[in-house]
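User: I'm new to this and would like to learn how to read charged pairs in a protein model. Could you walk me through it?

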Amino acid sequence: MSQGITVQPGQIIERILTMELVRVTERAAVASARLRGRGNEKAADQAAVDAMRRELNKLPIDGTVVIGEGERDEAPMLFIGERVGNKQGPKVDIAVDPLEGTTLCAKDMPGSIAVMAMAEAGTLLAAPDVYMHKIAIGPGYPTGTVDLDASPEENLHNLAKAKGVKVNELTALVLDRPRHADLIAAIRKTGAGIRLISDGDVAGVIFTTKPADTGIDIYLGIGAAPEGVLAAGALRCIGGQMQGRLILDTEEKRSRALQMGVTDPNRKYDMTDLARGDVIVAATGVTDGALIKGVHFGRDVITTETVVYRSATGTVRRIYGEHRELAKFHLD
């Protein structure tokens, strides 16, 4: 990037070229893909973190990680509050999940991705690394069709009515966790179908935007807050509805949240509360999945697929990469 360019606040995301973010998630995806199927979640995650941090620090930004993989005492993860970039450019918020679906990668199962979001400073929700209640549906429904405070039965009946189908024609996507036993029972009582996933709820939320292709009408349940912010950023580009509420169930979590500016521990956030302003989200496949293809290693070429969402323009780009200069993926 040439020196001396003046960047106006409204042009921040325009001037941080899409390809720069793609390079960040590509490097993280390739690094973790080398460890696919090895059964070592921590090693795959660490490889993605190291690659993502290295590339982020090359960018002409003054970035702060507001949603990351832990907090300062848990480094070397990309921790909340960490400064990234070469500090020579605009101030931006960063949300990262260097390897969403660590178990999927470790077992070489479909759907693992490297994903990050970038937005103007102060526009991504800053919160501690905690869990979040979430609900999401795709575009085309009246505002308020679903609500985080309504029961699963109410939400499914309201969604079915808005879609013009019977409840038993809907399918909900839920993370397969013991904590969701009651939720799963409530959904099944309505007659709706359930697709259980072991990991990867950023992609899970995005699945709701194309029910004809994915078979998913609604996302329900508890997942990590970083994935909630990343998913909200992507959903804003495509359309849809999403709500989330941080689970601040201990005094220590509430105290940490307060230090980050969360004054109401019970606040219900909508999509634009989670990710405001101009947000760009990039996700590169690690393993092949319904959303994007994973990394493929050839003798002389590495191929990647990345999907990039930008909220200001509602643009979704798919970028297929063939990489022949393989040294760029090696550690510096």
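User: Let's start with Arg-318: what is its relative accessible area, and is it buried or exposed, or something in between?

Analyst: Keep in mind that this is a predicted model. Arg-318 has 47%, so it counts as partly exposed.

User: Which residue does Arg-318 form a salt bridge with?

Analyst: The general idea is that side chains of opposite charge can pair when their charged atoms come close. Here the partner of Arg-318 is Glu-305, with 3.5 Å between the closest N and O atoms. Glu-305 sits in strand β13 (residues 302-310) and Arg-318 in strand β14 (residues 315-323), so this pair ties together parts that are 13 residues apart in sequence. Glu-305 has a relative accessibility of 15%, so it is classed as buried.

User: Where do Arg-254 and Glu-251 lie, and how many residues apart are they?

Analyst: Both are in helix α10 (residues 251-259), three residues apart, which means about one helical turn separates them. As for cover, Arg-254 is partly exposed at 31%, while Glu-251 counts as exposed at 55%.

User: What about Glu-55 and Lys-58: how do their side chains meet?

Analyst: In a salt bridge, with an N to O distance of 3.2 Å. Look at each end in turn: Glu-55 is buried, at 7% relative accessibility, and Lys-58 is partly exposed, at 47%.

User: Which residues are linked in a network of salt bridges?

Analyst: That would be Asp-147, Asp-149, Arg-245 and Lys-268.

User: Now zoom out for me. How many helices and strands does the protein chain have?

Analyst: Eleven helices and 14 strands. To judge the overall fold, compare the radius of gyration with what a compact globule would have: for 332 residues that is near 20 Å, and the protein chain has 19 Å, so the two agree. Buried residues make up 55% of the 332. For contacts with a separation of 6 or more, 69% join residues 24 or more positions apart.

User: What does the accessible surface come to?

Analyst: About 14400 Å², with 48% of it belonging to carbon and sulfur atoms.

Key. Residues are numbered from 1 along each chain as its sequence is written. This is a predicted model: local features need pLDDT of at least 70, side-chain atom pairs count only at pLDDT 80 or more; totals for chains, interfaces and linings use all residues. Side-chain values use heavy atoms; hydrogens and water are left out. A salt bridge is a side-chain nitrogen of Lys or Arg within 4 Å of a carboxyl oxygen of Asp or Glu. Buried means under 20% relative accessible area, exposed over 50%, partly exposed in between (1.4 Å probe, protein chains only). Helices (H or I, at least four residues) and strands (E, at least two) are DSSP runs, numbered from the N terminus. The radius of gyration is taken over C-alpha atoms; the globule rule is 2.2 Å times the number of residues to the power 0.38. Contact means heavy atoms within 4.5 Å. Accessible areas come from the Shrake-Rupley method with a 1.4 Å probe; for residues, only the protein chains shown count as cover.
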